[in-house]
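The following paragraphs lead through one protein model, from its overall order of elements to individual residues. Please keep the sequence and the structure in view while reading.

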Amino acid sequence: MGRRNAPQRAPEETSLSDCIFCQIAAGRIPAKKVGETTHVYAFRDNNPQAPTHVLLIPKEHVADSAADLGPQHAIMLTELFGLAAKIARDERLELGWRLVTNVGPEAGQSVYHLHVHLLGGRSLRWPPG
Ligand code: 5GP
Ligand code: ZN
C-alpha cells in the first residue's frame, strides 16, 4: 500500500471530471434511475448480476471507496441505506436482498467512486466468490 492518505484513484482516472459515476450523477451520461435522495443517486447496473442489480452512489465524489468513509458521511450513508431498503420494498424483494461494496482490486472494485450494489430477485449464495 502507498502513503496512508494517498488518493486511491485508479491510475487511468486522472480527474473527477473523468469519473463515470460523477457523470451519471450529474446526468451527463444516461443511466436507468431508480431513485434519489438529497445526497444519493440510485440507478441500474448496466451489467446486472441478478434480476435486481442497483448501484447506490453519493451524488458528490466524497469517497473513492468505503475505505475513505468517516463521520462526515453519516447523513449520506443513512440516506443510502434507507433508499436501498425502499428500493428493495418497491422491487418486492421480501425473500431477501444483499448490499455489497467492493474495496480494492482483489475485491473486484472497478469504479473508484464509492458505490453500494443492491442485489436481489434470486437466491444469493454465501460466501460470495
Ligand atoms: P465494482 O466492480 O467497482 O464493484 O462495480 C462497478 C459496477 O459499475 C459494475 O457492476 C459495472 O457493471 C457498473 N458500471 C460500470 N460502468 C457503468 C455505466 O456506465 N453505467 C452503469 N449503469 N453501470 C456501470
Ligand atoms: Zn466520481
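Two strands are said to pair if DSSP finds at least two bridges between them. Helices (H or I, at least four residues) and strands (E, at least two) are themselves DSSP runs, numbered from the N terminus. This is a predicted model, in which local features need pLDDT of at least 70 and side-chain atom pairs count only at pLDDT 80 or more, while totals for chains, interfaces and linings use all residues. Residues are numbered from 1 along each chain as its sequence is written, and chains are lettered from A and ligands numbered from 1 in the order in which they are written.

The protein contains 2 helices and 5 strands, and from the N terminus on these elements follow the order α-β-β-β-α-β-β. A residue counts as buried if 20 or more other C-beta atoms lie within 10 Å of its own, as exposed if 12 or fewer do, and as partly exposed in between, with C-beta atoms placed from the backbone. On this basis, 23% of the 129 residues in the protein are buried. Two residues are in contact if their C-beta atoms, placed from the backbone, lie within 7 Å. Among contacts between residues at least 6 apart in sequence, 62% join residues at least 24 apart.

The pairing of the strands can be followed from S2 onward. S2 pairs with S3 in the antiparallel sense over 5 bridges, and here Arg44 stands opposite Val54 of S3. S3 pairs in turn with S5, again in the antiparallel sense and over 5 bridges. Within this pairing, His53 has Leu119 of S5 as its bridge partner, and Leu56 stands opposite Val116 of S5. S5 also pairs with S4, in the antiparallel sense over 4 bridges; there, Leu99 has Leu118 of S5 as its bridge partner. Both S3 and S5 are mostly covered: 6 of the 7 residues of S3 are buried, as are 4 of the 5 residues of S5.

Helix H2 comprises residues 74–90, 17 residues in number, and reaches 24 Å from its first C-alpha to its last. That is close to the 24 Å expected at 1.5 Å a residue, the expected span being 1.5 Å times one less than the number of residues. Which residues of H2 are buried? They are Met76, Leu80, Leu83, Ala84 and Ala88. These residues cover an arc of only 140° around the axis, which puts them on the same side of H2; the arc is that of the directions from the helix axis to the C-beta atoms. An α-helix has 3.6 residues a turn, so residues three or four places apart point the same way. On the other side of H2, Ala74, Ile75, Gly82 and Arg89 are exposed. The cover over the buried residues of H2 includes strands S1 (33–36), S2 (40–44), S3 (52–58), S4 (97–100) and S5 (116–120). Just after H2, Arg92 takes a positive phi of about 55°.

Ala66 lies in the loop between S3 and H2. With 17 other C-beta atoms within 10 Å, Ala66 is partly exposed. Not counting residues up to four places away in sequence, Ala66 touches Thr101, Val103 and Leu114. The C-alpha atoms of Ala66 and Thr101 are separated by 7.2 Å, although the two residues are 35 residues apart along the chain.
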